[in-house]
Amino acid sequence: MQPPAKGDPAEPRILCLFVVRDRERSVAAWLDRLPAEIFSSNAHVLVIDDASSDRTVERAKAWVDERGVRNVTVLANPVPQGVGGSQKLGYRVALEAGFTGVVYVPDGGRDDPSQIGRILSCLVEERADVVLGVPPEASGGWGERLGRY
């Protein structure tokens, strides 16, 4: 992965980090749901496979090749690192490559990638320091669980 080009220092460079394992059947459909603006923005997509026992890596790389996108990288851990280990690897890549922010999605099969555009908008346009996405099934429940202050 090439470090982001040095351009306007005020323009954020965001890494979208996805950790997957054994998603051969769903990784291509999941990648298809990424919002189109990711592929024409300063964002870069990093898919880290955590030592899948199936062909997840090959399916993800085929998806990238078929669409000719340049800002998607697929990495494969040869031995399982667990979600935390793969996540740390992604953060290290982001730091070493000079990205200014990371959008992390823990498992490429559960969360809705079409909503990433909303997170990017908060990070880039509104200059948010932290953006937390709440799964749809949890929205409405946080206030009751955490209390209102």
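**Fold, cores and salt bridges of the predicted model**

Of the 149 residues in the protein, 38% are buried. The structure described here is a predicted model, and its mean pLDDT is 82, with 78% of the residues reaching 70 or more. The protein contains five helices and four strands. Along the sequence these elements follow the pattern β-α-β-α-β-α-β-α-α. Among contacts between residues at least 6 apart in sequence, 81% join residues at least 24 apart.

Helix α2 (residues 56-67) has the highest mean pLDDT, 97, whereas helix α5 (residues 142-146) has the lowest, 42. Over residues 141-149 the pLDDT is below 50, and this stretch has four contacts in the model beyond near neighbours in sequence. Where pLDDT is low, predicted coordinates should not be read in detail.

An α-helix has 3.6 residues a turn, so residues three or four places apart point the same way. After α3 comes Gly 98, which has a positive phi, near 85°.

The nonpolar interior was examined next. In soluble globular proteins, nonpolar side chains tend to be buried together. The largest nonpolar core of this model has 25 residues, of which Cys 16, Phe 18, Leu 31, Ile 38, Val 45, Ile 116 and Leu 120 touch the most other members. At least two residues of this core are supplied by each of β1, α1, β2, α2, β3, β4 and α4 (116-124). A second, separate core has nine residues, including Leu 46, Ile 48, Val 93 and Ala 94.

When residues up to four places away in sequence are not counted, Leu 31 touches Val 47, Ala 60 and Trp 63. The C-alpha atoms of Leu 31 and Val 64 are separated by 9.0 Å, although these residues are 33 residues apart along the chain.

Charged side chains form a further set of contacts. Side chains of opposite charge can pair when their charged atoms come close. The structure holds four salt bridges. In one of them the side chains of Asp 50 and Arg 21 meet, at 4.0 Å from N to O. This pair links distant parts of the chain, as Asp 50 belongs to strand β2 and Arg 21 to the loop between β1 and α1, 29 residues apart. Asp 50 counts as buried at 4% relative accessibility, whereas Arg 21 is partly exposed, with a relative accessible area of 37%.

Another salt bridge joins the side chains of Asp 32 and Arg 67, with an N to O distance of 3.0 Å. Here too distant parts of the chain are linked: Asp 32 is in helix α1 and Arg 67 in helix α2, 35 residues apart. Asp 32 is partly exposed at 42% relative accessibility, and Arg 67 is likewise partly exposed at 39%. Arg 67 also forms a salt bridge with Glu 66, the closest N and O atoms being 3.3 Å apart. Glu 66 is exposed, with a relative accessible area of 63%. Salt bridges that share partners also join Arg 21, Asp 22 and Asp 50 into one network.

Terms used:
Residues numbered from 1 in each chain as written. Predicted model: local features only at pLDDT ≥ 70, side-chain atom pairs only at ≥ 80, totals over all residues. Heavy atoms only, no water. Contact = heavy atoms within 4.5 Å. pLDDT = per-residue confidence, 0-100. Core = buried A, V, L, I, M, F, W, Y, C linked by side-chain atoms within 4.5 Å. Buried < 20%, exposed > 50% of the residue type's maximum accessible area, 1.4 Å probe, protein only.
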